[in-house]
Every structure is written in C-alpha cells, then in structure tokens.
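Let's take a walk through this protein together. Have a look at the sequence and the model first, then read on.

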Amino acid sequence: MLPNDALEPFDNFGEAVAIDGDVVAVGATSDDDVANSSRAVYVFERSGGQWGHTARLSAGEQSDIFGGAVGLSGDILAVGAPGHNEGRTSSTGVVYIFQPDGGGQWRQTAKLLPSGIREQDRFGKGLVVSGNAFAAGAIGN
C-alpha cells in the first residue's frame with residue numbers, strides 16, 4: 001500500500017500502523033507534502049478485494065509528531081501527537097479523534113488532553129482503541 005501522493009525519503013511512512021477489518025491507518029511523522037513538515041496519517045480502505053488510499057489526515061504543528069501512534073476500532077481513529085505543545089508547555093502531547101462523516105471523508109471530532117498534563121509527559125505516544133474506549137500512554141509522566 002502506498003498513498004496517492006509521493007513519498008519522500010525520511011517521511012517515516014509506517015512509523016505507526018493500526019488495522020481494523022477493511023481499514024488501515026498509517027502514520028508518517030515527517031511527511032511534508034502539504035506544508036513544511038506537516039505530518040500525516042494515511043487511511044486505506046479495502047473494497048472489492050482491492051486496497052485504496054482514501055484519506056490523508058493532519059492536525060497540529062510541525063513538531064507535534066502527529067501520527068506517532070494510531071489506534072483504530074470501527075469508526076474511531078485515534079491519532080497521537082506526543083510532541084504537541086499545549087500553551088507554552090512543551091511536549092505535553094495530545095490525542096486527536098477522527099470519524100467518518102458519512103460522505104466518505106474522515107473528520108476530526110475531538111482533541112483530547114487530560115487534566116493535569118505537564119511538560120514532557122508526551123501523552124499519545126502509544127495508543128490502543130477498543131469499541132468506544134481508548135488508552136493512551138504518556139511516557140514522560
């Protein structure tokens with residue numbers, strides 16, 4: 001599987017991967033196709049026995065490490081950005097939730113940051129999603 005846009009050396013395509021049924025999410029934490037080091041998660045879906053690239057998701061800033069972890073269950077895709085800076089605090093981390101909008105597109109529906117998060121917690125470094133629940137690691141906490 002390869003995305004529709006061109007991969008470049010050091011895009012880190014495949015740094016994180018999540019699979020659920022006919023959907024695969026692949027993190028590319030150094031992808032810069034849309035904006036300078038914008039980071040991305042690529043979504044692939046299987047239809048009629050063929051896999052196709054259906055979405056490119058991005059959020060946050062250059063140093064957020066968006067896509068450093070991904071979790072997928074049903075219509076919930078969680079994407080970790082452990083380098084995200086909340087306010088002036090560095091590398092607190094954040095988890096973005098994406099869901100299909102019914103029209104074939106994935107839309108961001110939430111940005112999650114736990115209370116009490118501190119500098120260098122790196123929330124969202126590891127993710128697992130099951131049903132409507134998810135767990136996220138915070139390796140610096």
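His53 counts as buried because its relative accessibility is 17%, and buried means under 20% relative accessible area, using a 1.4 Å probe and protein chains only. Keep in mind that you're looking at a predicted model, where local features need pLDDT of at least 70, side-chain atom pairs count only at pLDDT 80 or more, and totals for chains, interfaces and linings use all residues. Residues are numbered from 1 along each chain as its sequence is written, and side-chain values use heavy atoms, leaving out hydrogens and water.

So what does the side chain of His53 reach? It's the backbone oxygen of Ala55, at 3.0 Å. His53 itself lies in strand β4, residues 50-57 (strands are DSSP runs of E with at least two residues, numbered from the N terminus).

Now look at the neighbour of β4. Strand β3 (residues 40-47) pairs with β4 in the antiparallel sense over seven bridges; two strands pair if DSSP finds at least two bridges between them. Ser47 stands opposite Gln50 in β4. The hairpin of β3 and β4 has two residues between the strands, and there Gly48 takes a positive phi near 60°.

Next, find the open sheet of four strands, ordered β5-β6-β7-β8 with antiparallel pairing. Its edge strands are β5 (69-73) and β8 (106-112), each pairing on one side only. Within this sheet, six bridges join β7 (residues 94-100) to the antiparallel β8, and Pro100 has Trp106 in β8 as its bridge partner. What holds strands like these together? Strands of a sheet pair through backbone hydrogen bonds, either parallel or antiparallel.

Notes: Buried means under 20% relative accessible area, exposed over 50%, partly exposed in between (1.4 Å probe, protein chains only). A polar contact is a pair of N or O atoms within 3.5 Å; within protein, one must be able to donate a hydrogen and the other to accept it, and residues adjacent in sequence count only if both atoms are side-chain atoms.
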